[in-house]
Amino acid sequence: MSKSRIVPLLMVAGAFATAGVVSGCGSSSSSSSTTSSAADVENTTGVAKDVAKGNTVVATLTEMKIVPVPKTAKAGNVTFDTINKGQLPHEMVVIKTDKPANSLGTGSEVPETGAVGETGDIAAGQSNKLTLKLAAGHYALICNLPGHYMAGMYADFDVS
Ligand SMILES: [Cu+2]
């Protein structure tokens with residue numbers, strides 16, 4: 001997340017303290033499909049189709065949790081079907097890191113060192129499809145909107 005966009009938003013939200021101000025932002029990038037590679041794979045051979053299916057992860061965002069199902073994937077293209085079932089805008093950042101997801105830092109926002117992709121802001125009730133080519137290793141899935149990580153919006157994810 002860029003701080004330049006978020007910090008003024010916080011100030012506005014604090015000044016007027018209305019939910020409408022907060023929820024009015026970030027909707028422009030909702031429901032976007034970041035890549036079409038998963039669909040492309042599914043249109044080819046049966047083997048590729050099975051691999052693609054096995055590497056789709058449904059990530060549900062709420063206040064204040066991220067729940068990926070399943071919590072693992074095979075190395076290669078992984079499609080995150082990220083759904084915001086909460087009342088606030090959320091995002092999901094995919095970070096390759098050896099640190100446990102709950103140990104990335106403290107503060108309003110935490111470092112995104114090792115980030116390999118992110119959904120961008122997803123408005124309440126909206127979803128986002130993000131396909132990333134992931135190498136084997138440990139990942140942290142986090143929402144880094146101000147205060148959300150500290151409130152519990154993180155999950156461990158493993159690629160093998
Ligand atoms: Cu969030």
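Biologist: Which residue in β2 does Val58 stand opposite?

Modeller: Val58 stands opposite Val69 in β2. The model is a predicted one, in which local features need pLDDT of at least 70 and side-chain atom pairs count only at pLDDT 80 or more, while totals for chains, interfaces and linings use all residues. Residue numbers start from 1 along each chain as its sequence is written.

Biologist: What makes a stretch a strand or a helix?

Modeller: Both are DSSP runs numbered from the N terminus: helices are H or I with at least four residues, strands are E with at least two. On that basis the protein has 4 helices and 9 strands, in the order α-α-α-α-β-β-β-β-β-β-β-β-β from the N terminus.

Biologist: How do you know that β1 and β2 pair?

Modeller: Two strands pair if DSSP finds at least two bridges between them. Thr62 has Lys65 in β2 as its bridge partner, and a hairpin of 2 residues connects β1 to β2.

Biologist: Which strands form the open sheet, and in what order?

Modeller: The sheet has 4 strands in the order β2-β1-β4-β7, with mixed pairing. Its edge strands are β2 and β7 (127-134), each of which pairs on one side only. Neighbouring strands of this sheet are turned by 20° against each other on average, direction ignored; axes here are lines fitted to C-alpha atoms (for helices, over the stretch in contact), and angles run from 0 to 180 degrees between N-to-C directions.

Biologist: Why is Asn77 called buried?

Modeller: A residue is buried if 20 or more other C-beta atoms, placed from the backbone, lie within 10 Å of its own, exposed if 12 or fewer do, and partly exposed in between. Asn77 has 20 such atoms within 10 Å, so it is buried. Asn77 is found in strand β4 (residues 76-84). Its C-alpha atom is separated by 9.0 Å from that of Ala135, 58 residues apart along the chain.

Biologist: What makes Glu91 buried?

Modeller: Glu91 has 23 other C-beta atoms within 10 Å, and is therefore buried. Glu91 lies in the loop between β4 and β5. Leaving out residues up to four places away in sequence, Glu91 touches Glu118, Thr119, Gly120, Asp121, Ile122, Cys143, Asn144 and Leu145; contact requires C-beta atoms, placed from the backbone, within 7 Å.

Biologist: What makes a set of residues a nonpolar core?

Modeller: Its members are buried Ala, Val, Leu, Ile, Met, Phe, Trp, Tyr and Cys residues joined through C-beta atoms within 7 Å. The largest such core has 27 residues, of which Ile66, Met92, Leu141, Ile142, Cys143 and Tyr154 touch the most other members. Strands β1, β4, β5 (93-96), β7, β8 (137-142) and β9 (154-159) each supply at least two residues of this core, and β8 gives the most, with 4.

How values were computed
Two residues are in contact if their C-beta atoms, placed from the backbone, lie within 7 Å.
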